[in-house]
Amino acid sequence: MERYYQKEIETASREQIREWQSERLVNQVKNVWENVPFYRKKMEEAGLTPDDIKSVDDLHKLPFLCKDDLRDNYPTGLCARPMKDCVRIQSTSGTTGRRVVAYYTQHDLDIWEDCCARALTAAGTTNEDVVHVSYGYGLFTGGAGLHGGSHKIGSLTLPMSSGNTDRQIQFMTDLGSTILCCTPSYAAYLGETINERGLRDQIKLKSGIFGAEAWTEEMRRDVESKLGIKAYDIYGLTEISGPGVAFECSEQTGMHVNEDHFIAEVINPITGEVLPDGEKGELVFTCITKEAFPLIRYRTRDICILNHKECSCGRTHVKMTKPLGRSDDMLIVKGVNVFPSQIEAVLIKQGYPANYLIVVDRVNNSDKIEVQVEMTPEMFSDSVGDITAREAELVAGLKAMLGIYVKVKLVSPKTIARSEGKAVRIIDKRNLYQQ
Ligand code: DLL
């Protein structure tokens, strides 16, 4: 049984990590200068040549890359290797018209799978485990990433993909799945269904590795109690490789970024200034070991905080908080900035589950916002007749948080559609066109 998948790397001294990062950054900058005309142009515009980048201290000189650059260079413009050297693509769903296609060489797949194996190991996975992968397979990175990581550890891997909840539960009970990998919202749904069917004592799950969407500590506790597991967070994005860019250890006080492969920075999203540990800003990644799709200073739009303090698990790689919001998730309603996480915080504070839908519309040139909120079964049975008072209490809580009137509609348990992948929380009818 292996306790640390790559202990020497994950517990390396900070000096060692810095040395790796400096050497790899210098090589990566040469790689993009030579192989990606777009980067060369961007560097030339900034008055830079590869000689200006001698160590990680020079990282801040390099220009940022953002999602629009990816869109403008779709589909192959940012690929640093000829197609014959690439063995895989993965892609985002592109529901907002911003499809990202990421390329991988065999080496890139290897490092991605290593990162996922580290995440699985940190959640207690060994070669004696049965890893149940219910992230979507196909273009989405969730299935492929955790699948590859599980193979590296030598665990028995169940490539379930998402959906077909009956079959998920049947395999889980028949084959004794011990590690569950899926989105937190699907884990909550599986938990609900397993309990409703009275199957809780027939499952052998011990850990869950949940990510790809925002989830709260309350949701963690809820899923842990429904499934009888310890739930771990995992973070990543297609542009940077997929899941496993960062992952939680048993301390659960942030996610360790795999710093031998990715340099993390947090910046002020308006000025671009690099912020110190403890300050909230936009997360930026530089891929220092990838061959085919090596993004440099990529702005993720995820808002978080970094922390370099030593972790008692022994890992020395920097920790990031859960994403605290997305700079592009922000809704502007009646001129006021509204983040779904603010609405979720009010719901949870007043005892509601995190099953809600925000609907924004424009009626007679005026923005309207409504939140449909699911009640718990207990609230539902107690509160017949009392719904108006409950709604008024939520309206007041939301007004105090956001400063605007938000219509609240309480709905019966299980009326808001559950997602097998990422949960859909916002319908903005003002944007009925696709970008
Ligand atoms: O969601 C990769 C992934 C798969 C991560 C499975 C974890 C598990 P994308 O579809 O490109 O890739 O979406 C990336 O999802 O920028 C975040 O906004 C969000 N996200 C990912 N992980 C988390 C997390 C995958 N643990 C975008 N918590 C990112 C909150 C997350 N948000």
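Leaving out residues within four places of it in sequence, E239 makes contact with K67, L70, V100, K290, F293, L295 and Y298. The structure described here is a predicted model.

E239 belongs to the loop that runs between β7 (230–237) and β8 (242–248). Its relative accessibility is 5%, so E239 counts as buried, the cut-off for that class being under 20% relative accessible area. One of its contact partners, Y298, is also joined to E239 through the side chains, by a polar contact of 2.8 Å. Another pairing spans a stretch of the chain: C287 is 48 residues away from E239 along the sequence, and the C-alpha atoms of the two are separated by 9.8 Å.

**The ligand and its shell**

In total, 21 residues surround the ligand, and the closest are D233, I234, T238, D302 and K422. By class, the shell holds nine nonpolar residues, six polar residues and six charged residues.

| Residue | Protein atom | Ligand atom | Distance |
|---|---|---|---|
| A212 | backbone N or O | nitrogen | 3.1 Å |
| D233 | polar side-chain atom | nitrogen | 2.8 Å |
| D302 | side-chain N or O | oxygen | 2.6 Å |

On its own the ligand has 610 Å² of accessible area, and the protein covers 92% of this. Two elements, α6 (141–153) and β7, are those that give two or more residues to the shell around the ligand.

**Helix α2**

Helix α2 comprises residues 14–35, 22 residues in total. At 1.5 Å a residue, α2 should span 32 Å; its end C-alpha atoms lie 31 Å apart, which agrees with that expectation. The expected span is 1.5 Å times one less than the number of residues.

The buried residues of α2 are I17, W20, Q21, S22, L25, V26, Q28, V29, N31, V32 and W33.

Note on methods
Residues numbered from 1 in each chain as written. Predicted model: local features only at pLDDT ≥ 70, side-chain atom pairs only at ≥ 80, totals over all residues. Heavy atoms only, no water. Helix = DSSP H or I, 4+ residues; strand = E, 2+ residues; numbered from the N terminus. Buried < 20%, exposed > 50% of the residue type's maximum accessible area, 1.4 Å probe, protein only. Contact = heavy atoms within 4.5 Å. Polar contact = N/O pair within 3.5 Å; in protein donor to acceptor, adjacent residues only side chain to side chain. Near = heavy atom within 4 Å. Areas by Shrake-Rupley, 256 points an atom, 1.4 Å probe, with all protein chains shown as cover. Nonpolar A, V, L, I, M, F, W, Y, C, P; charged D, E, K, R; others polar.
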